[in-house]
Amino acid sequence: MIGFLSTKHRNKNGSPSSGRIKKVVRRVKYESELDLGFGETIAERAYGQKLLSCIQCGTCSATCPLSYYMDFTPRRVIAMVREGFREEALNSFTIWLCASCYSCTVQCPRQIHITDVMYTLKREAIAREMFPRRYPIPILARGFFDIVHRNGRNSEGRLLLYLYLRTNILKIFQNTRLGLHLLRRGRMSVRQEKIHRKEDLRSILGAVSPTREEPRS
Amino acid sequence: MKYLYYPGCSLKSTGRPYDESLRAVFAALGIELTELDDWNCCGATAYASIDENQAFGLAARNLAIAEAAVTDGPPTIVAPCSACFLVLTKTQRYFEDYDHVRDGVTRELAAAGLTYRGHVKVRHPLDILIHDVGLPAIAKLVQHQMKGLHVASYYGCQVVRPFATFDDPLYPTSMDAIMRSLGAETVDWPLKTRCCGGSLSGTIKEAGLRLNQHLLVEALRKGSDLVVTCCPLCQFNLECFQKQINKNYDERISLPIMYFTQLMGLAFGIPEKELGIRRLFIDPLPVIGALKGGVPAHV
Amino acid sequence: MSEQNGEIRIGFYVCHCGHNIANIVDVAAVARYVAGLPHVVVSREYKYMCSDPGQELLRQDIHDHRLNRIVVASCSPLLHEQTFRTATAKAGVNPFYFQMVNIRENVSWVHEDPAEATLKARDLARAAVRRVAAHKALQPKTVSINPDVLVVGGGIAGIHAALTLANAGKKVTLVERAPTIGGHMAMFDKTFPTLDCAACILTPKMSAVKNHPNITLWTYAEVTKVDGFVGNYTVTVKHKPRYVKEDLCVGCLECIDACVYKEAKVPDEFNRGLGKRKPIYIPFPQATPQVVLIDPETCIAVKSGKCKRTCVEKCDRLAIDLDQKESFDEITVGTIILATGFKTFDPKRVSYYGYGRYPNVYISLEAERLINASGPTSGELILRDGRRPKTVGIVHCVGSRDKNTHRWCSRTCCMYSLKLAHLLKEHSGAEVYNFYIDIRAAGKAYEEFYDKLLEENVHFIRGRVAEVTDWAVIPEEEGKLIIRVEDTMIGVVRRIPVDMVVLAVGMEPQSDAQEVRRLFNISCSTEGFFLERHPKLAPVDTFTDGIFIAGACQGPKDIPDSVAQAGAAAAQALMLIDSGEIKLEPNTAYLTEQNCSGCKSCINLCPYHAISYLDDKHRASINEALCKGCGTCVASCPSGAIHQNLFEDEEIYSEIDGLLAERSPESTAV
């Protein structure tokens, strides 16, 4: 399997371990293994068919501040989506690293909404639960979602607590000092912020069916 | 000048100094800000990662409240936080451009007895300052020229991309222009819109901290005395992780990171207490006060 | 013969067009049906009416059956109306007693049900049969062609067109707005793929233009007004003041030495600001004509009058005239060739490449000047900061293939980037990187040139550059320009430090292309380049007769293509000139003078400026040579004073009546 799990076979520098004899892997992709409609589906959900006009120039990868950490550059993810490599695209570490800075979107010579594509892939992966347990990014997103869904406002202190409880509880202690500094300066509180008319919000959020990326296999 | 004000969640916690200094500076410029009644979280980037339909509805509730609040002329929301600015602008834009978004939002709001017709303008303080107030009006209020102060303007990403039309998406200059009207010198650095990583500093530390290390090192390399920014998350990342960055990457960085409105306030002679200067981790006053013609110590 | 005894005798022919029509339309049924209509004497079907036997059949029938009206139901009139009109005329019948029905594009190609298609074909045929009965005999008018030609633009395309026509014995006026001819080609160092020196092949042509007895060369001049029509254009040309009498100046250049400015201080346009010139200057050593000029913006004498005027004193020929004013000339020509060229994309629009912020970021034209022996550094590769580059990055597709700037491929940049890569390496020994999306080397010997560059070990990295910065992350990057790009072949993002960046900027329309378009009454494509009449079959014609286009004003083009087009445009002009006259389509509007009230409402509506107002008669007047038969004036005339040949009320009403008479209820013809 390609995807972020392969990083465990790498040493600290990210290069393949030199001491190990590499296993021979047979790699072939049969057309029948692909989800050939995947490209069009994602293109539609990510606002427009422009995704299909990608010329693989790599501007998105080069302008991306996080591509150095990605297993597949954004350009390759787009190629995978287009060609129906659904598993690879959804398993990719790339979609989680996207910080929504929109550099790719404004520089893409084909005006592809690449950030929206990444959002769409994230939702699809969350809907299919295609991410490892205790993986902080989707957990943070879920925590944020729950807090805001319930109260209408975020509370940064509570959110961090939520994150550390569900990923690595030890990190709380690493960050205690930072938290205390913020508390002392009045820049963080453990109090939950709320809006007054929570019932309005509940009606709004319950009104339409959730954006569901239906699993199709 | 009168605007609706949407502070957003961050400006009520980590970004409090931004909220305080912005209100003080706008008041000094004679701009009236009315906080939006019972506003809710914009949803930021995370909400849309889970459910996009709900995310639009969440953001649109604010737009609907704004539209109902103003009867004379099109309502304008000032949104200082980059994430809020982006999400509200995106919701407004997609509401205009995509039928299914408009229909979904309309139905969601109707469930709470709200309506939205798409008339709200979402604007950033930089836009207001440059285009509505104008640099001469800002310069006129300056009591303490920031002569000799080398400032790196850091815009971050979501203020200028992808929807802002008030400045260049990759090489903006509006904050630099404001800084120059305070008498400061601006450094020309290529990372002014490079992402700080957002919440990655809390999730994938190596990636998040490295981005901020690069930003800090480059700002220093270009001779900056301090960095001004217009985004609460950028400010937080650049300032609050300096210790960790120094430890992890063997750096010795101590660079004040403040909100551009704070520096404006100091230049205007507004007492530092009203600008939340003491809430910062790295006190910028020594570097500002040390400069000839800078802010006197008693401010 | 055609209207014997006033009896109308119609011949009807329905064409199979092989299977094109006959597969859907029951042609035999159509022929049978039309045979029963009034005045129809002959009704036939035939496999290919446009073939020689088909036309022969028509002629024979006219002769045998004394036909005086012909209707052919076949393809679009655009294709074969002329064919059948000619055949009709050859048999002695006025060609305008012919009517064509399009049952291919309008019926068989757009309908799937044979029964419906056949009904529609019948209805259309019946309408045409009714209409043709109302037709009038018409005589096409001819206008004579003035043999003189105007060429606008003195780049390589304009030069080549002017020389071709002049060598054919035609009188040519070449108008160029810059002070010299030569255009962009004069700025180039060498040309791809042969690497011959641009100046060496261009300057002989430039002096040939200057010395040709049939060419009048007007530089520093612009066309300001165009009146008339094909064969008979009147053109006004403005001569901008160069403050030097062109006929007296011999190009000795002593005035330049004599200028009170001892040092050249003004950025020099020809060297893209990399060099300096004085207020009195000559654009470059081989400028044609060899005449100096004065820039009024920087000359003290012109600006304030407070100058010692050492240049005036120095000139024994008294050529310098600081009071020179602009002047105008009016010429008459029969045909016009527009070769107004292109503009290079301004890379300041793409802020991420740092052009204008980092001194060592150049555009390709600047790089050409830097390596040119007559350039500002005498061909030494010295950068703006005085260094000599050890590494050079050439960024392809700047302002091309990008929906945020220009969608089109500029066609020339790949090849000139390869050329520059070769020349820069040759001049400096530098490592050269090309950053490309796709290499487009589709010309004669172009791919071979690419191959040569690969063998020269020039780096080719497939990826569009995202940014050029001075942001150094590691010590090795200090003081360099950093190019960030994904090496898409390897799938990794690279940071490549270079000393010099060359932006391969694309080609865009001249900034005043829209004004020029209006001046000459031609069209532009959506991109803003001049629009050809047909992209394949009429590439140098425009929609205005007698006006042709050549070179990069029509779209991005390299030198060979520009020259080829210029030759083609010259040949098109020669065709008109040598035929001596042009037959006009008779479908023009005409005015019944006594009915015209002189309200002028038609005048502004005419898109072809064909209607004028006669002050003495208080009537409108239609110039048939300019009229394209669009019918706008006919419909707009409140007094019903304007009519149109081939579209007379009677003809149109007959056609409508024919269409609606006994119309099959299922028909889709209306």
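**Figure 1. The two domains of chain B in a predicted model.** Domain bounds here come from an automatic or database domain assignment. The structure shown is a predicted model. Chain B is split into domain 1, residues 36-123, and domain 2, residues 135-289. A distance of 29 Å separates the C-alpha centres of domain 1 of chain B and domain 2 of chain B. Where these two domains touch, nine residues come from domain 1 of chain B and nine residues from domain 2 of chain B.

**Figure 2. The side of domain 1 of chain B that touches domain 2 of chain B.** Which helix gives the most to this side? Helix H4 of chain B, residues 82-97, does, with seven residues. Sorted by class, the residues of this side of domain 1 of chain B are four nonpolar, three polar and two charged.

**Figure 3. The overall build of chain B.** In chain B there are 14 helices and eight strands. The C-alpha trace of chain B spans about 60 × 45 × 30 Å along its principal axes. A compact globule of 299 residues would have a radius of gyration near 19 Å, and chain B agrees because its own value is 19 Å. Of the 299 residues in chain B, 63% are buried. A residue counts as buried if 20 or more other C-beta atoms lie within 10 Å of its own. Among the contacts in chain B with a separation of 6 or more, 79% join residues 24 or more positions apart.

**Figure 4. An open sheet of three strands in chain C.** The strands of this sheet in chain C follow the order S11-S12-S17, and their pairing is antiparallel. Which strands of chain C lie at the edges? They are strand S11 (221-229) and strand S17 (327-333), and each pairs on one side only. On average, and with direction ignored, neighbouring strands of this sheet are turned by 20 degrees against each other.

**Figure 5. The pairing of S11(C) with S12(C).** Strands of a sheet pair through backbone hydrogen bonds, either parallel or antiparallel. In this view S11(C) pairs with strand S12 of chain C, residues 232-239, in the antiparallel sense. How many bridges does this pairing run over? The count is eight bridges. C:Gly228 has C:Tyr233 in S12(C) standing opposite.

**Figure 6. The contact between chain C and chain B.** Seven residues of chain C and eight residues of chain B take part in this contact. On the side of chain C that touches chain B, three residues are nonpolar, two are polar and two are charged.

Notes. Residues are numbered from 1 along each chain as its sequence is written. Chains are lettered from A and ligands numbered from 1 in the order in which they are written. This is a predicted model: local features need pLDDT of at least 70, side-chain atom pairs count only at pLDDT 80 or more; totals for chains, interfaces and linings use all residues. Ala, Val, Leu, Ile, Met, Phe, Trp, Tyr, Cys and Pro count as nonpolar, Asp, Glu, Lys and Arg as charged, and the others, Gly among them, as polar. Helices (H or I, at least four residues) and strands (E, at least two) are DSSP runs, numbered from the N terminus. The radius of gyration is taken over C-alpha atoms; the globule rule is 2.2 Å times the number of residues to the power 0.38. A residue is buried if 20 or more other C-beta atoms lie within 10 Å of its own, exposed if 12 or fewer, and partly exposed in between; C-beta atoms are placed from the backbone. Two strands pair if DSSP finds at least two bridges between them. Axes are lines fitted to C-alpha atoms, for helices over the stretch in contact, and angles run from 0 to 180 degrees between N-to-C directions.
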